[in-house]
Amino acid sequence: MTSLPSILGGLDPTSDRAVFRQIADQLREAIDRGRFKEGEKLPSEAELVEHYGVSRMTVRNSFSVLQGEGLVHAEHGKGVFVRPRPPVRRLASDRFARRHREQGKSAFIVEADAAGSHPKVDSLEVKEEKASQDISTRLGSVRRVLARRRRYLLDGRPVEFATSYLPLDIARGTQIAEPNPGPGGIYARLEELGHRLDHFEEEIRARMPTPSEVKTLQLASGVPVIHLIRTAFDTAGRAVEVCDTVMAADAYVLSYQLPAN
């Protein structure tokens, strides 16, 4: 490793900013500048104590700041490491292109292939249930739905948990109600059933995860989630599916193309 004095500066005794925050600021800047690469171990507590002339608790508080920002993660007995940048780029203009379904690929598989990652779906549950008020409204006042819940993994890491809700008059008794809906996923089956997809509407917000989401996605401390609700419409204007998705924010970049006129 390059010597710390050439990477990190010294403390400013005249600053009213707390010492642990000054150290966090310098480590953050070094990460942003690429002085510490993705996956690289940060200087140890002992090294930073010696460099700055501070206590171990001060250094630990600095690490806690960076962990809270999702920049680093700690591995017990090994040290603190720079978190990898999001590996998957979700291209809104391409991910639901019909050509992917015709090739037998779901959107998740397309994105995983582009990222060079191995995709997997686990924790799959398919059942009929009463629609919540929100889902009912989005689907045109239906009372019951077919719900498909699944967790998505990339290279063994949970990155996304999604539930698709479909009207029973469309999905009941079809391959959509089977654990494996077949090549191209449920959108391919919807189109085979005569519901040619016309457009999608998405609502996106970022928030901190619930305890259940932390467990399901195995999130590190300080990592937020992206909560996305998508509604699929067919060419007749009917809402044929609502997908409620929670994604690990450190696993994705959401990319959009917007018209200028």
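This briefing walks through the pockets, salt bridges, surface patch and backbone angles of the structure above. Please keep in mind that the model is predicted.

**The largest pocket**

- The lining of the largest pocket is made of 35 residues, and those closest to the centre are Ser-106, Arg-150, Tyr-152, Gly-185 and Ile-186.
- Helices H5 (98-102), H6 (107-115) and H9 (185-192) each bring at least two residues to this lining.
- The strands E4 (119-130), E5 (144-154), E6 (157-167) and E9 (239-248) likewise supply at least two residues each.
- Strand E4 has the largest share of the lining, with four residues.
- Sorted by class, the lining of the largest pocket holds 16 nonpolar, nine polar and 10 charged residues.

**The second largest pocket**

- Here 13 residues form the lining, and Glu-45, Phe-63, Ala-74, Gly-79 and Val-80 are the closest to the centre of the pocket.
- Helix H4 (56-68) and strand E2 (79-82) each contribute at least two residues to the lining of the second largest pocket.
- H4 gives the most, with four residues.
- Five nonpolar, four polar and four charged residues make up the lining of this second largest pocket.

**Helix H6 and what follows it**

- H6, one of the elements that line the largest pocket, has Ala-107, Phe-108, Val-110, Glu-111 and Ala-112 as its buried residues.
- Just after H6 comes Gly-116, which takes a positive phi of about 70 degrees.

**Salt bridges**

- Arg-83 and Asp-250 form a salt bridge, with their closest N and O atoms 2.1 Å apart.
- Arg-83 sits in the loop between E2 and strand E3 (88-91), while Asp-250 sits in the loop between E9 and E10, so this pair ties together parts that are 167 residues apart in sequence.
- Lys-78 and Glu-75 meet through their side chains in a salt bridge of 3.9 Å, N to O.
- Lys-78 is exposed because its relative accessible area is 54%, which is over the 50% cut-off.
- Glu-75, its partner, counts as partly exposed at 30% relative accessibility.
- Another salt bridge links the side chains of Glu-129 and Lys-127 (4.0 Å, N to O).
- In that pair, Glu-129 is buried, with a relative accessible area of 14%, whereas Lys-127 is partly exposed, with a relative accessible area of 37%.
- Through salt bridges that share partners, Glu-125, Lys-127, Glu-129 and Arg-149 are joined into one network.

**A nonpolar patch on the surface**

- Ile-204, Tyr-256 and Leu-258 form a nonpolar patch on the surface, and together they have about 340 Å² of accessible area.
- Tyr-256 is found in the segment after strand E10 (252-255).
- Tyr-256 counts as partly exposed because its relative accessibility is 42%, a value that lies between the 20% and 50% cut-offs.

**Backbone angles to look at**

- As a general rule, most residues other than glycine have a negative phi.
- Ser-123 has a positive phi, near 55 degrees.
- Ser-123 lies in strand E4 and counts as partly exposed at 46% relative accessibility.
- Ser-141 also has a positive phi, near 70 degrees.
- The place of Ser-141 is the loop between helix H7 (133-138) and E5, and this residue counts as exposed at 61% relative accessibility.

**A pair of residues in space**

- Arg-157 and Leu-219 are 62 residues apart in sequence, and their C-alpha atoms are 10.0 Å apart in space.
- Arg-157 belongs to strand E6 and counts as partly exposed, with 30% relative accessibility.

Notes: Residues are numbered from 1 along each chain as its sequence is written. This is a predicted model: local features need pLDDT of at least 70, side-chain atom pairs count only at pLDDT 80 or more; totals for chains, interfaces and linings use all residues. Side-chain values use heavy atoms; hydrogens and water are left out. Patches are made of residues with over 30% relative accessible area and no salt bridge: like charges are joined within 9 Å, nonpolar side chains (Val, Leu, Ile, Met, Phe, Trp, Tyr) within 5 Å. Accessible areas come from the Shrake-Rupley method with a 1.4 Å probe; for residues, only the protein chains shown count as cover. Buried means under 20% relative accessible area, exposed over 50%, partly exposed in between (1.4 Å probe, protein chains only). On a 1 Å grid over the protein atoms alone, a cavity is a set of points where a 1.4 Å probe fits but cannot get out, and a pocket is an open set with protein on both sides within 12 Å along at least five of seven lines; lining residues have an atom within 4 Å of a point. Ala, Val, Leu, Ile, Met, Phe, Trp, Tyr, Cys and Pro count as nonpolar, Asp, Glu, Lys and Arg as charged, and the others, Gly among them, as polar.
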